[in-house]
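Okay, thanks for making time, everyone.

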Amino acid sequence: MAEETKREFWRWEETNWVNPDIKWQDAKIITLGIDVGSVSSQAVIMADGRFFAYGNMRTGSDSPNSARNVLKFALEHTDMTEERIDYCIGTGYGRVNVPMADRTVTEIACHARGANFIYGSQVRTVLDVGGQDIKAIRCDDKGKVTNFLMNDKCAAGTGRGMEVFADLLSVPIGDVGERSFQIDREPPPVSSTCVVYAKSEATGLLRKGLMTNEVLAAYCSAMADRIYSLLERVGVEPQFAVTGGMAKNRGVIDRLKKKMGLEPMKTKWDTQLAGAAGAALFGYALCRKGKGRAQ
Amino acid sequence: MITAGIDCGAKNTKTAILNDGNIIGKASVLTGFDQSAAVKESLDLALEGAGMKRDQIQRIGGTGSGAQSIQEADIKVNDMKAIVMAAHCFFPTARTVVDVGAEAARAAKCDEKGGVVDFAINEKCAAGAGTFIEAMARALETPLEGMGLLALSSDNPIPLNAQCTIFAESEVVGLIHAKTEKKDISKAIHDAIARRIVSMIRRIGVNPDIVMLGGVAYNPGFVTALKRELGVDQVYIPESPEFGAAVGAAVVAAKDGNG
């Protein structure tokens, strides 16, 4: 029997970009932030504290090479080389595997700083929902962390949980949000928080005659509840912003904001870049203070 | 007195038929998505096995996560009561009962009369129940029945850091890519779940004698890891441990019937 190519519903789009308005040759300080997560990795290159280039791709099973791969991806459409970079900061779950890093900074600090940059200095509460964790971060107007709570032990509410569901229901992950609203009536959330149990529950719901979109809605609703309970524990102060891949999932975020009664801030930047952006900015700050690499 | 106990669990629905405390028939069927149908099938099969008719059963006790679907039950028996009753009947010296099933793990502290003194339960997280080992068996591409012995063939402890079934699957795949021996991975899997369940048991106290019920008791790798984590030499397991709660429900039905 000929083997069909199995459609990978969980696979999201990998992207890179170079800023056409910046000539890197004119920049005084060029810094690099690399965020190696368990699911995705990002590289952000800042020229004098402005976005110059970035890459966002799957970390894959070869984590030690992820940093190198994502940097290469970020530099793909520019003639700038790694040698020009003045300072590099590594962050994320895999920050020990960023060989070109001059130092590492925690992902909490980087996400707050990055959110402050991509959303603006009014942000006080940052929700980061990444591949394998959920962070609720309180920060000041400079993007400095004042409090935080993290769940990195349980897949419920994380990107991985959503990938598992997209796969189960054969829905491309980028379509989950939209389709979860193509329903007549909002179903109750799935009762299990645990992704493994929610999967069984979802299969049961499908057998009972629920449409795929309704099951998606039920799951997104449960995930929004889960995330909300974490946020409540750290307390929400406006303005509120979301970073990480889940920010792109309307199915979860729209239901979450309804529960919160608060509209999240908007940005034109890719929300998955917050950690790497914050890292690049920390590097920039160090260089400006003359604490960069010794020449 | 002839009674039946029906335990409608997340994965399997078990029926035990007792005559004055002796098991004369039992059956287990997959619960699937229709609990009521599974309950009926399980009871019918157990009756058939015992060579009995429905009207010969004087009272039926219903228990388990799907207890509300057991229309045949004369009495609903609380899960903890069911497992403590069963442990007490099998082993009168039982003071701690641990029941690990497919989707829930329960621990109860009991007294010499078979009364429930304290209890703890996990029915929210797959990593603390049989589902964890099943999922890891798939990740290891090893039949579930072979996982326990595979684990016992290793004496090399390695870390398995993920606390979540979903994350552990990724971690196991990573270990396989790194050419880690499957037996060492299997050992780590059993150690991990045993640790989680023991930390649940510690909430109610570890008091010998310890009885284990539930389908996971068939897994020698798990039982060994559990004993080691508990720091005990002996854990008592009845024949057909997966019927524990069903037997307990049948016993309670009998006591209740006697008024």
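This is a predicted model: local features need pLDDT of at least 70, side-chain atom pairs count only at pLDDT 80 or more; totals for chains, interfaces and linings use all residues.

Residues are numbered from 1 along each chain as its sequence is written, while chains are lettered from A and ligands numbered from 1 in the order in which they are written.

So, confidence. The model scores ipTM 0.91 and pTM 0.90. For pLDDT, the predictor's confidence in each residue from 0 to 100, chain A averages 94, with 97% of its residues at 70 or more. Chain B has a mean of 96, and 99% of its residues reach 70 or more. Within chain A, helix α1 (residues 63-74) has the lowest confidence at a mean of 91, and helix α8 (residues 274-288) the highest at 98. Helices here are DSSP runs of H or I with at least four residues, strands are E runs of at least two, and both are numbered from the N terminus.

Chain B, quickly. There are eight helices and nine strands in chain B. Its C-alpha trace spans about 60 × 35 × 25 Å along the principal axes. What about burial? Of the 259 residues of chain B, 52% count as buried, meaning 20 or more other C-beta atoms within 10 Å of a residue's own, with 12 or fewer being exposed, anything in between partly exposed, and C-beta atoms placed from the backbone.

Now the contact between the chains. Two residues are in contact if their C-beta atoms, placed from the backbone, lie within 7 Å. Chain A puts in 15 residues and chain B 14 residues. On the chain A side, α3 (159-169) and α5 (195-207) each supply at least two residues. Which helix gives the most? That's α5(A), with five residues.

Let's stay on α5(A). This helix has 13 residues and reaches 18 Å from its first C-alpha to its last, close to the 18 Å expected at 1.5 Å a residue; that expectation is 1.5 Å times one less than the number of residues. The buried residues of α5(A) are A:V195, A:V196, A:Y197, A:A198, A:K199, A:A202 and A:L205. They pack against α3 and α6 (212-234) of chain A, together with α3 (130-139) and α5 (165-177) of chain B. Just past the helix, A:G209 has a positive phi of about 110°.

Last stop, strand β3 (residues 40-47) of chain A. Eight of its eight residues are buried. In a regular strand, side chains alternate between the two faces of the sheet. Here A:S40, A:Q42, A:V44 and A:M46 are buried on one side, and A:S41, A:A43, A:I45 and A:A47 on the other.

Who are the neighbours? Strand β2 (residues 30-36) of chain A pairs with β3(A) in the antiparallel sense over seven bridges, where pairing takes at least two DSSP bridges. A:V36 has A:S41 as its bridge partner, and a hairpin of three residues joins β2(A) to β3(A). Strand β4 (residues 50-58) of chain A runs antiparallel to β3(A), joined by eight bridges, with A:M46 opposite A:F51. That hairpin has two residues between the strands, and A:D48 in the turn has a positive phi of about 50°.
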